Amino acid sequence: MSALLKFQDVSYWYSRDQKKVEILKKINIDFEKGTFYTITGPSGAGKSTFLALAGALDSPKEGAILYEGKDLKKIGYSKFRNQYVSIVFQSYNLLPYMTALQNVVAAMEITKSSKKPYKQIALKTLEQMGISQDQAKQKVLTLSGGQQQRVSIARALCCESQLIVADEPTGNLDEQTSKEIVRIFQDLAHQEGKCVIMVTHDLTIASIADVNIHLSNGTFQIQ
Ligand SMILES: Nc1ncnc2c1ncn2[C@@H]1O[C@H](COP(=O)(O)OP(=O)(O)OP(=O)(O)O)[C@@H](O)[C@H]1O
């Protein structure tokens with residue numbers, strides 16, 4: 001059986017002062033469903049770059065990334081972003097003038113989610129993430145950071161993708177809230193069978209992942 005997401009000889013570099021700065025060197029790694037992965041490594045090691053490739057926000061300079069055996073290039077990067085992956089950011093990336101509910105419903109409309117009716121599904125998912133019906137009807141900016149991150153995870157869940165990538169989703173949260181958010185990601189992998197890939201600086205979080213990928217000097221070690 002093929003991996004959900006496969007990095008095949010993936011290399012990535014930036015050009016700086018006309019010099020090639022290699023960030024990822026021929027990376028080969030498989031990501032499976034039902035598994036919670038973390039990515040750690042020193043600042044500048046390429047964690048966000050790695051995640052941007054997994055989320056099709058950027059494409060490899062060399063090598064290929066395959067989803068269920070199919071090259072993302074063939075699927076189409078924007079189609080992949082819309083239908084196959086959910087991305088959770090440190091900064092939540094919610095639409096500030098909308099309510100929590102509107103944020104989730106708008107994403108379902110954009111990705112043409114087949115889960116219907118949108119409003120009821122969105123409310124139910126928000127509730128599962130700990131957002132009450134009253135909070136769902138508030139403008140997102142009036143919610144706390146932890147609550148906003150829960151809304152952004154609910155938005156990711158309503159879009160049905162098997163793959164969730166998250167770049168430092170707990171970076172702006174206190175320890176307790178951060179633990180709760182990590183628990184949600186862990187449950188998504190173990191109970192709902194999603195493949196969750198999360199960048200973190202927090203080694204305690206990395207220690208509870210099923211697989212930690214430690215990036216350094218363009219290569220990685222599995223821990
Ligand atoms: N657009 C860009 N142009 C040139 N260099 C870049 C660009 N984006 C990132 N880099 C460089 O690539 C390297 C990897 O960056 P990346 O953000 O992936 O690292 P990171 O491991 O996520 O770092 P941090 O933990 O500090 O967030 C860094 O040295 C960074 O300066």
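Two strands count as paired if DSSP finds at least two bridges between them. Helices (H or I, at least four residues) and strands (E, at least two) are DSSP runs, numbered from the N terminus. The model on screen is predicted: local features need pLDDT of at least 70, side-chain atom pairs count only at pLDDT 80 or more, and totals for chains, interfaces and linings use all residues. Residue numbers start from 1 along each chain as its sequence is written.

**Stop 1: the whole model**

Colour the protein chain by pLDDT, the predictor's confidence in each residue, from 0 to 100. The chain has a mean pLDDT of 93, and 100% of its residues reach 70 or more. For the complex, the predictor gives an ipTM of 0.94 and a pTM of 0.91.

Next select residues 5-222, which an unreviewed UniProt entry lists as "domain: ABC transporter". UniProt positions are given in the numbering used here, feature names are shortened, and annotations may be inferred rather than shown by experiment. The end C-alpha atoms of this span lie 16 Å apart, and the span is 37% helix and 29% strand.

**Stop 2: the sheet of 6 strands**

Select E6, E7, E8, E3, E9 and E10; in that order they form an open sheet with mixed pairing. Its edge strands are E6 (85-89) and E10 (219-222), each of which pairs on one side only. On average, neighbouring strands here are turned by 20 degrees against each other, direction ignored. Axes are lines fitted to C-alpha atoms, for helices over the stretch in contact, and angles run from 0 to 180 degrees between N-to-C directions.

Strands of a sheet pair through backbone hydrogen bonds, either parallel or antiparallel. Zoom in on E9 (residues 211-216) and E10, which pair in the antiparallel sense over 4 bridges. Ile213 has Ile222 in E10 as its bridge partner.

**Stop 3**

E4 (residues 62-67) is joined to E5 by 2 bridges, and the bridge partner of Tyr67 in E5 is Lys70.

**Stop 3: helix H1**

Select H1 (residues 47-54), which lies across E3 (35-40), E7 (163-167), E8 (195-199) and E9, at about 150 degrees to E8.

**Stop 4: the ligand**

Show the residues around the ligand: Tyr14, Arg16, Ile23, Gly41, Ser43, Gly44, Ala45, Gly46, Lys47, Ser48 and Thr49. A residue is near a molecule or strand if its C-beta atom, placed from the backbone, lies within 6 Å of it. Strand E1 (5-16) and H1 are the elements that give two or more residues to this shell. H1 gives the most, with 3 residues.

By class, the shell has 3 nonpolar, 6 polar and 2 charged residues. Ala, Val, Leu, Ile, Met, Phe, Trp, Tyr, Cys and Pro count as nonpolar, Asp, Glu, Lys and Arg as charged, and the others, Gly among them, as polar.

**Stop 5: the loop between H4 and H5**

Find Pro117 in the loop between H4 (100-110) and H5 (118-128). A cis peptide bond joins Lys116 and Pro117, with omega about -5 degrees. Lys112 is in the loop between H4 and H5. Its phi is near 50 degrees, a positive value in a residue other than glycine.

Methods: Contact = placed C-beta atoms within 7 Å.
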